[in-house]
Amino acid sequence: MINKKQIEELLSQALETMPQEELFAVSVSVSPKNEIKVYIDGMKGVSIDRCVEVSRYIEQRLDRDAEDFELTVSSAGLDQPFRVVRQYIKNIGREVKVLTAEGQSLKGELISADEQGFRLRETPKKKTPEAPEHTFTYGQVKETKIVISFK
């Protein structure tokens, strides 16, 4: 069976070959049936061509004669929750929805992020002109997603 650590190492090597793109790993999963799913992101997004390059890099370093596998390399979707700190940093200034570990839901602008946590300026309610700010550690948050707007 192909193991996750092996794929993570190959992914890291593949991304090092494209430093100008500022691509980074979001997640890697390997099922018992060797279904490999790799999600990547970039500070300026990820093109299909980059996904293909990463896929080819990984596939060329795995031996299909030894083990059959299915490999999917994709960009992290806009509708998917953030999984790594760099996604928070990339999306500073954008509107996000945060679900806290306690179940509270907040919507607002992501105003800063670092390795310890992030700050959110809550979207003000119509009756209150002030926009409260909240500081979170990543452990206090169940999920954070971009608010997709078609305005």
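Rings of Phe, Tyr and Trp (its six-membered ring) pair if their centres lie within 6.5 Å; planes under 30 degrees apart count as stacked, over 60 as edge-to-face and the rest as tilted. By this rule there are five aromatic pairs here.

Before you click, note that this is a predicted model, where local features need pLDDT of at least 70, side-chain atom pairs count only at pLDDT 80 or more, and totals for chains, interfaces and linings use all residues. Residues are numbered from 1 along each chain as its sequence is written, and side-chain values use heavy atoms, with hydrogens and water left out.

**Stop one: the rings.** Select F118 and Y138, a tilted pair with 5.9 Å centre to centre and 35° between the planes. F118 sits in strand β6 (residues 117–122) and Y138 in the loop between β7 (133–137) and β8 (141–146), so the pair ties together parts 20 residues apart in sequence; strands (E, at least two residues) are DSSP runs, numbered from the N terminus.

**Stop two: arginines over rings.** Select R61, which lies over the face of Y57 at 3.5 Å from the ring centre. Then try R64, over the face of F69 at 3.9 Å. For Arg, this calls for CZ within 6 Å of the ring centre and within 35 degrees of the ring normal.

**Stop three: V73.** Select V73 in strand β3 (residues 70–75). Leaving aside neighbours within four places in sequence, V73 is in contact (heavy atoms within 4.5 Å) with V38, I40, C51, V54 and S55. To finish, draw a distance from the C-alpha atom of V73 to that of I36: 8.3 Å, for residues 37 apart along the chain.

Technical notes: Helices (H or I, at least four residues) and strands (E, at least two) are DSSP runs, numbered from the N terminus.
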